[in-house]
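Visitor: I am new to this structure. Please take one part and look at it closely.

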Amino acid sequence: MESDTGKGKVVCVTGASGFIASWIVKLLLLRGYTVKGTVRDPNDPKKVDHLLKLDGAKERLQLIKATLLEEGSFDSAVEGCEGVFHTASPVALNVKDPQAELIDPAVKGTLNVLKSCVKSPSVKRVILTSSIASVLYNGKPTTPEVVVDETWFSNPDICREYKLWYVLSKTLAEDAACKFAKENNIDMVALNPAVVIGPLLQPSLNESSAAILNIINGAQTFLNYSLGWIHVKDVAIAHIQAFEISSASGRYCLVETVAHYSDIVKILHELYPTLRLPEKCENDEPLQAVYQVSKEKARTLGIEFTPLETSLKETVESLKENNFINF
């Protein structure tokens, strides 16, 4: 991964202390980039210490205070940058006020970042961290023979009907970003990863790692869901390649495998035979079908997908290392 493709180039990563963003920062620094990372509080050691310890951080990482809902707060962060990686967006599955907790920060925050990009003539391309959430939920059936690809778009009405607030926030944010980028001539590429797992760089537990922790930490049942899964390093590499490969455009689904939670439990059992894992499903309904997600476009970014088994193993080892679990 080390190369000097980023030598002399300045880029910005929003929400730099997050799970995916921390990996993007790490790999950008390894490639020689100078990185301006935004965080809500640059003085909070829990949020920034792991970034300041990265190779190259001393020389080439600058942390800047910025808040999603504050207009203009990203101006100084994107100024002078060639690329802007916008990853900052809340991930929460249980919310009391979806509009305030998820939708506003996702949509208004994304537009705030893009408005700052318009003001800065140095910005050549914006890479938006979207989600497979803004692809899948359109009412079409997802069965084993179905192949989901980049032409699928989630339908906000369906998201509202099923109260899928996180999904709605990502759908509306990507939609608003695409319209704004078009109107303002911003070269923007969107990445749509599924559930992202793998080693944590940050000390706090993120939602997707928590899903795995929950399974190995005494859950009685597993969820009746089939989801796409992908390794965090693959996602971070895809972001950087989407910036570096000039022909990259549009959106990219990033999914290594679609697997049901029962499959996840099975793999974990093979990896860690002594672990007590849930043996039954949360309900008696038939197990939700798996479907396929096309890798064709993602491969044009030069992504070689890490197998799910490796991703799960590295997630568990990281949870152990960070003392979220002992066994």
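Visitor: In which helix does Ser209 lie?

Guide: Ser209 lies in helix H9, residues 207-216. Helices here are DSSP runs of H or I with at least four residues, strands are runs of E with at least two, and both are numbered from the N terminus. A word on the source: this is a predicted model, in which local features need pLDDT of at least 70, side-chain atom pairs count only at pLDDT 80 or more, and totals for chains, interfaces and linings use all residues. Residues are numbered from 1 along each chain as its sequence is written, and side-chain values use heavy atoms, without hydrogens or water.

Back to Ser209. With a relative accessible area of 0%, Ser209 is buried (buried is under 20%, exposed over 50%, partly exposed in between, with a 1.4 Å probe and protein chains only). Setting aside neighbours within four places in sequence, Ser209 touches Phe19, Leu200 and Leu319. Contact means heavy atoms within 4.5 Å.

Now follow H9 to its partner. The axes of H9 and H11 come within 11 Å and cross at roughly 65 degrees. Axes are lines fitted to C-alpha atoms, for helices over the stretch in contact, and angles run from 0 to 180 degrees between N-to-C directions. The crossing is right-handed: the near helix is turned clockwise from the far one by less than a right angle. H9 brings Ala211, Ile212, Ile215 and Ile216 to the contact. H11 brings Tyr261, Ile264, Val265 and Leu268. By class, that makes eight nonpolar, no polar and no charged residues. Nonpolar here covers Ala, Val, Leu, Ile, Met, Phe, Trp, Tyr, Cys and Pro; charged covers Asp, Glu, Lys and Arg; the others, Gly among them, are polar.

Look at Ile264 next. Ile264 is found in H11, which spans residues 261-271. Ile264 counts as buried because its relative accessibility is 0%. Its contacts, beyond neighbours within four places in sequence, are Ile212, Ile215, Trp229, Ala259, Leu308 and Leu312. Take Ile212 from that list: Ile264 and Ile212 are 52 residues apart in sequence, while their C-alpha atoms are 8.7 Å apart in space.

Step back to the core. The largest nonpolar core has 66 residues. Such a core is a set of buried Ala, Val, Leu, Ile, Met, Phe, Trp, Tyr and Cys residues joined through side-chain atoms within 4.5 Å. Ile264 and Ile216 are among the residues with the most contacts inside this core, along with Val25, Leu28, Val35 and Trp229. Helix H1, residues 19-30, gives the largest share of this core, nine residues. Leu28, apart from neighbours within four places in sequence, is in contact with Val11, Val13, Tyr33, Val35, Phe85 and Ile240. A second, separate core has 22 residues, including Phe74, Cys117, Val126 and Ala181.

For another helix pair, turn to H5 (residues 98-119) and H8 (residues 165-183). They pack at an angle of about 20 degrees, with axes 9 Å apart. H5 and H8 are therefore roughly parallel (angles under 35 degrees count as roughly parallel, over 145 as roughly antiparallel, 65 to 115 as roughly perpendicular and the rest as oblique). H5 passes H8 in a right-handed crossing. The residues of their contact divide into 16 nonpolar, two polar and one charged.
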